[in-house]
Structure formats: C-alpha cells, structure tokens
Amino acid sequence: MIVFLDFDGVCHPHFVRPGDQFIDWPRLEAVLVEHPHVELVVSSSWRTISAAEWDDEVPESLRRRVVGRTPVIQRPLRARYPLDYEPEPVRFWEIVKYLKATRQLHRPWVALDDDETVFPRGCPNLILCADGFRDDEERRLRAALREVLR
C-alpha cells in the first residue's frame with residue numbers, strides 16, 4: 001500500500017504554533033512502523049521546498065520513510081465564475097499522475113489530507129484529517145491497512 005501524505009492539517013494542526021510542527025507525526029509513525037511494507041509519498045505542498053529547508057524542517061524519521069513526491073499540477077483559475085465555482089480535485093490528479101509515472105496504478109493507496117475539495121466528492125481513498133492525525137484517523141488508517149492484508 002502507498003500512503004499519500006499531506007503535512008499541514010495531518011502531521012500537525014493546520015494552524016500550529018512555532019515549534020509544534022509535526023507533533024502528530026510520532027502517532028502516525030507508530031502505525032507505519034507496524035507496517036514496513038507501506039510506502040510513504042509526500043503529496044503536501046511541502047514537497048516543493050528546497051532540500052535545505054526539507055532537511056531543517058521535516059523530522060529525520062519522516063524523511064527516511066518517504067519514497068517519493070507527487071508532481072505539482074496547478075489549479076485552474078476560475079475567478080470569473082465565483083458563484084458556481086467547483087474546486088478541481090487537483091491532489092487526486094497529482095496522485096494519479098504519480099501512480100502512472102511510477103507504473104503503480106494497480107497498487108492500493110490512501111491519502112491522508114485535511115482538504116476534501118482536492119479530491120473527487122466521496123473519494124474512498126481519502127482519510128480526511130480534520131485537525132491532525134487523531135484517534136478517528138488512526139482507526140481509519142488501521143482499517144485500510146487491514147483490508148489490504150486480507
């Protein structure tokens with residue numbers, strides 16, 4: 001299984017105090033340690049930061065676990081039609097593009113993300129994290145991992 005990981009809103013609450021970044025990573029890491037076959041791919045906007053920033057900001061245990069990063073697809077601008085705006089599922093398409101590029105379309109995957117608008121409505125692969133990786137998100141990830149092992 002592949003877990004596509006957003007950082008803000010998943011590894012820490014979206015609005016976090018300095019020094020509290022990645023406070024939920026140890027909990028997520030504990031689940032992943034039990035499943036060494038799971039690959040972690042960064043789908044967060046953090047995937048575009050420089051290597052120096054990456055090394056300074058992202059915990060080393062998370063950096064070691066990452067096997068890839070999704071490509072960046074720009075959201076189309078729809079500023080002329082604000083009343084009927086329907087967000088594009090851009091994060092979903094970035095994941096699909098990654099899976100195609102790495103020839104892994106057959107692999108099961110889930111996405112841990114705090115923004116449901118970047119996925120198709122009702123996407124079964126999305127584990128929505130309201131404000132960090134908490135009890136409910138942990139239960140849902142464990143259930144997805146158990147399903148793959150069946």
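Biologist: Leaving aside its neighbours within four places in sequence, which residues is Leu99 in contact with?
Modeller: This is a predicted model, and in it Leu99 lies in helix H4. Leu99 is buried, because its relative accessible area is 2% and buried means under 20%. Once the neighbours within four places in sequence are set aside, the residues in contact with Leu99 are Ile2, Phe4, Gln104, Leu105 and Trp109.

Biologist: How many helices and strands does the protein chain have, and in what pattern do they follow along the sequence?
Modeller: The secondary structure of the protein chain consists of five helices and five strands. Read along the sequence, these elements give the pattern β-α-β-α-α-β-α-β-β-α.

Biologist: What radius of gyration does the protein chain have, and what would a compact globule have?
Modeller: The C-alpha trace of the protein chain spans about 45 × 40 × 30 Å along its principal axes. For 150 residues, a compact globule would have a radius of gyration near 15 Å, and the protein chain agrees with this, at 15 Å.

Biologist: What share of the contacts with a separation of 6 or more joins residues 24 or more positions apart?
Modeller: Of the 150 residues in the protein chain, 44% are buried. Among the contacts with a separation of 6 or more, the share that belongs to residues 24 or more positions apart is 67%.

Biologist: Which element gives the largest share of the largest nonpolar core?
Modeller: The largest nonpolar core has 27 residues, and those with the most contacts inside it are Leu5, Phe7, Phe22, Leu28, Leu62, Leu112 and Leu141. Two or more residues of this core come from each of E1, H1, strand E2 (39–42), E4 and helix H5 (135–149). The largest share, four residues, is given by H1.

Biologist: Is Phe7 buried or exposed, and which residues does Phe7 touch beyond four places in sequence?
Modeller: Phe7 lies in the loop between E1 and H1, and its relative accessibility is 0%, so Phe7 counts as buried. Pro26 is 19 residues from Phe7 in sequence and 13 Å from it in space, C-alpha to C-alpha. Not counting residues up to four places away, Phe7 touches His12, Phe22, Val42, Ser44, Trp46, Trp54, Val58 and Leu62.

Biologist: Which residues does Leu62 touch, not counting residues up to four places away in sequence?
Modeller: Leu62 is one of the residues with the most contacts inside the largest nonpolar core. With residues up to four places away not counted, Leu62 touches Leu5, Phe7, Cys11, Phe22 and Trp25.

Biologist: What is the phi of Phe22, and where is its place?
Modeller: Phe22 is buried, with a relative accessible area of 6%. The place of Phe22 is in the loop between strand E1 (2–5) and helix H1 (25–33). Although Phe22 is not a glycine, its phi is positive, at about 65°.

Biologist: Is Arg103 buried or exposed?
Modeller: Arg103 lies in the loop between helix H4 (90–101) and strand E4 (109–113), and its phi is near 55°, a positive value in a residue other than glycine. Because exposed means over 50% relative accessible area, and the relative accessibility of Arg103 is 73%, Arg103 counts as exposed.

Technical notes. Residues numbered from 1 in each chain as written. Predicted model: local features only at pLDDT ≥ 70, side-chain atom pairs only at ≥ 80, totals over all residues. Heavy atoms only, no water. Buried < 20%, exposed > 50% of the residue type's maximum accessible area, 1.4 Å probe, protein only. Rg over C-alpha atoms; globule rule 2.2 N^0.38 Å. Contact = heavy atoms within 4.5 Å. Core = buried A, V, L, I, M, F, W, Y, C linked by side-chain atoms within 4.5 Å.
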